Amino acid sequence: MRIFKKISDQIFGYDFFICYRQADARSFAEALYQELTTSKYNFDVFWDVKHFAAGKNIQMMQKRALKRSTRLIVLTSEQAAVPKTVMDKDHMLEEIRLFKKSKSRVIIPIGSEKSFNLPNSVLLSEIPDYPSNLCIIDDGLASSSQRVSPCTIEKLVNDFTESRQQVKQIRLLSLAVVILAIASFVAVATSISANKNLRESERSRKNIEDVTYFLHTTVRETLERQGRSDTLKFLNQSLLNYLKGNKETLEEQYSRFQIEILVADAKIYLETNLYEEAIEALAEAERVIKVSPEYFEEEHMHLLKVLILGKKIRAYTELGDLEKANTLYLSADELLRDIEKNHQSAAVNAGDLLLNSQIQYLERLDDYNGIKRLLLNRVSIYDKDDLVSNDFMYNHILNLTALSDRLKSEAELVDCLKYAREARSILEGNQELMSDQSLRQRVYLALGKALVKNGLNREASAELSKAVKLGKDILSRDLSIALVTELTIEATQLQIFANDAMLRPTEKFRQTLPSLCEVFVKQRPASSRPIEVRADCLITEAEFLVENRDFAGAKKTLNAAKEDVKILRIAYNFKDSDLDDLDVRIKELEIATK
């Protein structure tokens, strides 16, 4: 599998790797990372704070990242200079030496005039062709502000622009190599299957499974994190062709892999608003189950059918074909009742798989009482004594938070708070679930929201503060989790509301929202959701500025919000009815700022 790992490194590499000393260059490294990764430049930059994951082998991740990088930026701060007496185990020296093993890549030192002239610096002596090669002087590295000069960014961009197209071509060529390798594998596997003995055929089958698993998991995960939906579709189609060429060798695994890929295809289509294509992929997955039922255990087959039905309900709901969505909704209910007769635990899992699609369908019908009944039913199922595993408790907590969120009328506020507190009680009583930071964030946000609804703003602020802190902790380790970003934005907005109600300062919370919104947009570039969230945040900020009589600032913020609403209408085909709430708030602000 090494060949595929090497190819993956080529396809999904970094444009820059930042090498620096934490003690005196961390802020400069962060500022440099933020500048290079903005939508203006959109470089892929490796900065250890954002990419090293807790609990993983740091040295291995460091070596892998260096191999995948095209340029090494070395921040030659004063404390980065290593004297000749200290030669071993300095991480900056190790990074430079590892990077130099590939002669085709470039090292760019950035420093102040003082740091570039420090005597006996082993670090500078390790940089090839220094100082005759590209060398950037930026005194911001030595200043207390640690700001990156625009000239530094300009030089880095100009230097890289010439080779960037070539780098892209190499990565595309590497992807083509993957596909060609698959095609070659097909021929080899077919030959082995036809001519070798059973043992060799089994080995061939295992190799094919490994290739499929590698492409379907490792490569897919990278593409999903980078939001490359077009490449994902291409990968899926290539995988399906590959599987067809190895159908006889793979035997029962063929159908299982095929369904996984088709369902993954449907997920991509749903996220990119290609609902008809999603329906086609799901119909093909249903056909595979129908013609190959012997390859699936009964319980597994039921869950697959439910998963497919749920996605089809969502697709038809989004297309506005509510009659078809209703037919599928009733079919799903009937299937759940059939499953429940023989497989109680499977029925619970199946119900949770369907839940979001059912809620979405009922929302389109404005049937909010139906949503509450649905959620109350899900919550009551978990009161049974035999459903005590962590997986069931996890879903129970999510259902409790969802139910709490839906209870909004005056008569429902007590129950709203009751269910949110129950979710926190179950969570904090389970040590394993408490280790899930993402789940904790969702629970603290749900409780904070319920407390705000009940006017308990002081307690709400404390819970929302936990939710925000957890979100930032998660994003500091992995900046790709869109759901965490969205929940952090929501928690921050509610914290602003709660603090404002208590006449507490809100400035520091309001300042974090724009950067969070930009992160969300980058995480999900093909989705309308980040634009909706950003528009809402901008309108809320404009409303705040109007209240504080900053009409000029409100007008500027409002114009930015109007641009986002325009994008939703033109690029994402939003109807006027979809934007009623935002439009009303915009008109009120237009009157207020005249």
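Select Tyr14, Phe17 and Phe46: these three residues form one aromatic cluster. Rings of Phe, Tyr and Trp (for Trp, its six-membered ring) count as a pair if their centres lie within 6.5 Å; planes under 30 degrees apart are called stacked, those over 60 edge-to-face, and the rest tilted. The model is a predicted one, in which local features need pLDDT of at least 70 and side-chain atom pairs count only at pLDDT 80 or more, while totals for chains, interfaces and linings use all residues. Residues are numbered from 1 along each chain as its sequence is written, and side-chain values use heavy atoms, with hydrogens and water left out.

**Aromatic pairs**

The structure holds five aromatic pairs. Select Phe16 and Phe43, an edge-to-face pair with 5.2 Å from centre to centre and 75° between the planes. Phe16 belongs to strand β1, whereas Phe43 is in the loop between α2 and β2, 27 residues apart, and the pair thus links distant parts of the chain. Helices (H or I, at least four residues) and strands (E, at least two) are DSSP runs, numbered from the N terminus. Both Phe16 and Phe43 are buried; buried means under 20% relative accessible area, exposed means over 50%, and partly exposed lies in between (1.4 Å probe, protein chains only).

Next, select Tyr329 and Tyr361. Their ring centres are 5.1 Å apart and their planes stand at 40°, so this pair is tilted. Tyr329 sits in helix α15 (residues 322–342) and Tyr361 in helix α16 (residues 344–364), 32 residues apart. Both Tyr329 and Tyr361 are buried.

**The sheet**

Now display the strands. The open sheet has five strands in the order β2-β1-β3-β4-β5, with parallel pairing. Which strands stand at the edges? They are β2 (45–46) and β5 (136–137); each has a single partner strand, so one side of each is left without a neighbour in the sheet. Two strands pair if DSSP finds at least two bridges between them. Strands of a sheet pair through backbone hydrogen bonds, either parallel or antiparallel.

Select β4 and β5, which run parallel and are joined by two bridges. Gly111 has Ile137 in β5 as its bridge partner. Helix α5 (residues 91–100) packs on the sheet, where α5 touches β1, β3 and β4, and its direction makes about 150° with that of β3. Axes are lines fitted to C-alpha atoms, for helices over the stretch in contact, and angles run from 0 to 180 degrees between N-to-C directions. Helix α2 (residues 22–36) lies across β1 (14–19), β2, β3 (69–75) and β4, and runs at about 145° to β3.

Select Ser112, in the loop between β4 (106–111) and α6 (113–116). Is Ser112 buried or exposed? Ser112 has a relative accessible area of 3%, so this residue is buried. Apart from neighbours within four places in sequence, Ser112 is in contact (heavy atoms within 4.5 Å) with Ile137, Asp138, Asp139 and Ala142.

**The nonpolar cores**

A nonpolar core is a set of buried Ala, Val, Leu, Ile, Met, Phe, Trp, Tyr and Cys residues joined through side-chain atoms within 4.5 Å. Select Ile397, Leu445 and Leu464, the residues with the most contacts inside the largest core, which has 70 residues. Helix α14 gives the most to this core, with nine residues. A second, separate core has 22 residues, including Phe28, Val45, Leu75 and Val148.

Select helix α14 (residues 298–319). At 1.5 Å a residue, its 22 residues should span 32 Å, and its end C-alpha atoms are 32 Å apart, which agrees. The expected span is 1.5 Å times one less than the number of residues. After α14 comes Gly320, with a positive phi near 85°.

Then select helix α24 (residues 507–523). Among its buried residues are Phe509, Leu513, Leu516 and Phe520. The buried residues of α24 pack against α22 (457–477), α23 (482–501) and α25 (529–547).

Finally, select Leu503, in the loop between α23 and α24. Its phi is near 60°, a positive value in a residue other than glycine. Leu503 is exposed, with a relative accessible area of 79%.
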